[in-house]
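Student: Please take a close look at the salt bridges and go through them one after another, with the surroundings of each partner.

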Amino acid sequence: MTIDELPVAWRLSPQDVRAGWRALWWTVGPGGELAVMLVQRRYLSREKYPRGWVGWRVETPFDGELVITSGQERRRLPVEGIDMWPGHLALLPGSRFLLASRRTGWDAEGGWRENAVVYSPEGRQEGAFCLGDDIPVLVTDRSGGIWTAYGDEGIYGGHPESAAGLAGWNTRGVATWAPEGRLPDWPLQGCTAATEGESVWLVWYSGKGTFLTRITPSTGEVASYRSPVRNPDGFAVRGTRVVLTSRDHYKRRTTVTRAELVGDVCVATSQERVRVPGRVVMHCGQGRDGSLFVRAGRTWVRIEA
């Protein structure tokens with residue numbers, strides 16, 4: 001079965017494209033609001049690979065414009081003097097937001113370089129800190145906690161929180177949660193993330209397969225389920241119902257798998273290929289309270305669990 005139309009959460013308008021804006025980093029806030037950082041084409045360059053929006057390179061410092069959409073409401077916030085190459089955008093309580101680079105390294109004093117900046121509701125920098133190295137996955141929860149899953153270069157790169165594979169942080173850059181041996185295996189790579197209510201879900205794979213790990217921030221409790229999809233790039237959960245996506249890279253389609261949480265496994269119940277409005281590349285999915293937002297080119301669509 002092929003679904004030709006999905007609910008559209010937002011799309012970059014032709015007027016914005018003609019005005020030179022390009023949509024780069026994005027996120028869905030804990031309240032379901034979609035946030036996208038726009039950057040002017042004059043700050044950008046690209047090589048042949050990777051294709052799609054993830055292939056843009058940004059010249060620093062640069063100015064951007066943060067677009068936040070919630071239902072029919074939309075606001076745009078100018079953000080000036082961004083002096084980093086972000087890989088993640090995340091929303092925080094009180095209309096604040098976070099930009100974070102995927103990589104870091106040693107600074108001149110022998111410490112880890114800051115790679116995350118918290119911004120005020122007015123778009124001014126409030127603080128900076130390090131969230132570890134090689135971060136393919138980052139999501140925030142309702143209380144402002146920051147959750148990260150790492151790649152193999154971070155896990156084997158010497159940073160203590162990255163080495164654990166998964167981590168939780170506060171907005172001062174203090175690590176607040178670690179796996180501490182409670183995962184079914186040692187992670188090798190983070191895939192995607194979601195939240196449901198107060199719970200945070202991090203999806204990752206290892207030599208034993210792919211797992212969906214639910215963390216309860218208030219208690220630190222952990223539960224992991226074996227995933228029916230290897231390396232999904234989108235995930236959302238509502239109760240025991242789960243939806244996962246696996247893209248056809250740089251094609252206008254993705255495979256949607258629906259599943260149920262049963263015991264300590266996630267059992268697939270159906271699978272279908274879905275047409276989407278644009279080409280799907282890396283970092284294309286994020287789930288919030290049962291809604292999976294999928295980026296397809298300049299358009300964001302929504303799939304319900």
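Tutor: A residue is called buried under 20% relative accessible area, exposed over 50%, and partly exposed in between (1.4 Å probe, protein chains only). The model is predicted, so local features need pLDDT of at least 70 and side-chain atom pairs count only at pLDDT 80 or more, while totals for chains, interfaces and linings use all residues. Residues are numbered from 1 along each chain as its sequence is written, and side-chain values use heavy atoms, with hydrogens and water left out.

Over the whole structure, 14 salt bridges are found, each being a side-chain nitrogen of Lys or Arg within 4 Å of a carboxyl oxygen of Asp or Glu. In one of them, Arg-76 pairs with Asp-16, with 3.0 Å between the closest N and O atoms. This pair links distant parts of the chain, 60 residues apart, since Arg-76 belongs to strand 8 (residues 73–82) and Asp-16 to helix 1 (residues 14–18), where helices (H or I, at least four residues) and strands (E, at least two) are DSSP runs numbered from the N terminus. Asp-16 is buried because its relative accessibility is 11%, whereas Arg-76, at 36%, is partly exposed. Both residues also belong, with Glu-65, to a network of salt bridges.

A further bridge joins Arg-103 and Glu-153 at 3.0 Å, N to O. Arg-103 sits in the loop between strand 10 (96–100) and strand 11 (116–119), and Glu-153, 50 residues apart from it, in helix 2 (residues 152–155). Arg-103 is partly exposed, with a relative accessible area of 40%, and Glu-153 counts as partly exposed because its value is 49%.
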